[in-house]
Amino acid sequence: MFSMLLAVSVAAVVGILMGSYFAPKNFGYHDGQRVLEVLCVVLGTLSLIQNLWRGTPAMVRIGKPVAGLWAMFLIIGFFSSLFAYSPRHALYEWSSFGLLLVLAWIIANEVARNPVQQLDRMLLVLGLGCALYVFKVALVYIFVLQSGTQPEMSEFIIGFNNYRFFNHVQTITLPLLGLLTLRSMQRGPAADRLARYGWGLLSLWWMLLFVSAGRGTFMGVLAGMVAVIFWRRRQALPWCRVMLLSAMAGLAAYAVFFLLVPVLMGLQPFGFLNGVVERSIENPGSSRGALWQRAGEMILSHPLLGAGPLHFAHYGRDINNGAHPHNWLLQIGAEWGVPALIVLCAIIFMSFRRLLGSATLIAAADLPNQAVLTAWLATGVAVVVDGLVSGLIVMPSSQLWIVVYMGCAWGWVSSFSRHGGHEKPVISLRIRTGLGLLALSMLFFIGNGLWPEIIDLPGYKKIQTQLHPEMDFAPRIWSLGYF
């Protein structure tokens with residue numbers, strides 16, 4: 001049976017490995033990852049229409065309050081798009097948000113039917129993908145040592161236009177790798193080999209975070225750990241212990257392989273961590289001040305509907321330091337408007353409340369589900385916190401991993417209602433027809449937003465670079481993000 005979760009997880013892993021094992025022709029790393037994401041969205045939309053046509057009962061309940069808030073958020077975004085400078089770009093972003101939510105809902109339905117099997121599959125795909133990535137980094141490391149030359153620090157982070165985009169992925173995958181390790185440990189001696197594999201992989205994943213000195217990711221994951229200790233007390237300790245010990249092992253591996261070994265060979269230390277304190281003191285906001293100021297100006301100029309989804313890429317182009325403000329609160333407020341921001345914050349609050357409320361449905365001795373709940377809460381906090389200083393809600397690879405996380409957490413919570421024997425609602429023909437037409441309309445807007453650039457991205461890039469040689473085209477939809 002076809003699994004959307006498996007398909008999206010594989011696509012998300014391929015996005016990580018792009019440039020390592022999959023070199024897309026005529027696409028840069030960012031653009032290739034965007035194409036992968038769009039293919040997932042198309043596949044999800046077709047799956048939704050098929051389910052609506054068959055009248056398949058929904059396995060997950062969104063609830064009227066949250067459903068109403070999501071509808072309100074999308075309605076505001078639609079009108080914001082209509083009044084934007086470029087409706088084509090705005091409607092692309094609006095449709096992308098909507099269909100990524102649909103993709104998460106489809107995944108949630110799959111997880112709700114069989115949470116244990118689906119989560120194991122997703123975590124296994126994640127583990128294999130991360131292992132392949134680490135193997136490629138090891139090959140680069142060996143080559144660098146053999147060459148005897150000082151490498152560029154970013155050479156160890158492969159397959160991303162900017163190594164920070166890799167950190168965005170780590171914000172979601174680090175907690176999930178912690179869950180993979182803990183679930184293996186909980187299965188006893190039969191899974192000892194998998195548990196050791198999980199420990200080693202998680203430690204090396206931490207090591208790569210220290211190599212790239214991803215402050216936003218580190219603070220996000222740390223905030224997630226603090227939050228679950230506060231919320232869940234003793235139930236959170238096993239997962240937090242795995243994360244802390246693996247982080248210490250990763251730091252030790254970084255010290256040996258990226259500090260000690262290069263120095264012994266007469267080279268400077270590899271990686272960014274040794275300069276992170278100085279960099280944080282000299283430039284704590286990483287030059288984001290101008291971006292945040294521009295986002296604030298946009299909010300004051302367009303408080304109700306915003307300037308239009310995606311439109312920071314237009315109004316912030318003169319700053320020439322990013323096609324998004326590196327802060328999800330400012331991004332939604334500036335592009336979608338303050339009312340949409342308030343609605344989104346309400347959705348996030350209610351989602352966390354529902355996650356926390358599911359603790360009452362889990363027996364204290366049910367250690368596997370206690371670990372899963374802890375990981376879901378920590379990952380959610382990590383995304384929210386890191387998103388305050390980064391663009392992880394913008395970049396295609398991190399967007400896909402957020403969808404995987406949302407779908408799994410949503411379906412896992414809904415699985416408790418399913419086990420309780422509640423009947424699943426059958427959507428009426430009128431609503432099914434409306435949802436199908438809406439999904440097709442969004443798919444059209446996505447295609448219209450990508451056309452005609454997608455047919456010749458190298459040519460488009462060459463023309464724009466010739467027209468604006470002074471401008472650094474930071475990624476948003478494509479690697480040339482401004483419009």
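Which helix holds leucine 82? Leucine 82 lies in helix 3, which covers residues 64–82. The model is predicted.

Next comes helix 9, residues 237–264, where alanine 252 is found. Alanine 252 counts as partly exposed because its relative accessibility is 43%. Methionine 207 is 45 residues away from alanine 252 in sequence. In space, their C-alpha atoms are 8.1 Å apart.

Now turn to helix 18, residues 457–467. Which of its residues are buried? Leu457, Gly459, Tyr460 and Gln464 are. These four sit on the same side of helix 18, because they cover an arc of only 160° around the axis. An α-helix has 3.6 residues a turn, so residues three or four places apart point the same way. On the other side of helix 18, Lys462 and Gln466 are exposed.

What covers the buried residues of helix 18? The cover includes helix 2, residues 29–54.

The start of helix 18 shows one more detail. There, aspartate 456 places a side-chain oxygen within 3.2 Å of a backbone nitrogen, that of glycine 459. Glycine 459 is also one of the buried residues of helix 18.

Note on methods:
Residues are numbered from 1 along each chain as its sequence is written. This is a predicted model: local features need pLDDT of at least 70, side-chain atom pairs count only at pLDDT 80 or more; totals for chains, interfaces and linings use all residues. Side-chain values use heavy atoms; hydrogens and water are left out. Helices (H or I, at least four residues) and strands (E, at least two) are DSSP runs, numbered from the N terminus. Buried means under 20% relative accessible area, exposed over 50%, partly exposed in between (1.4 Å probe, protein chains only). The arc is that of the directions from the helix axis to the C-beta atoms. Contact means heavy atoms within 4.5 Å. A polar contact is a pair of N or O atoms within 3.5 Å; within protein, one must be able to donate a hydrogen and the other to accept it, and residues adjacent in sequence count only if both atoms are side-chain atoms.
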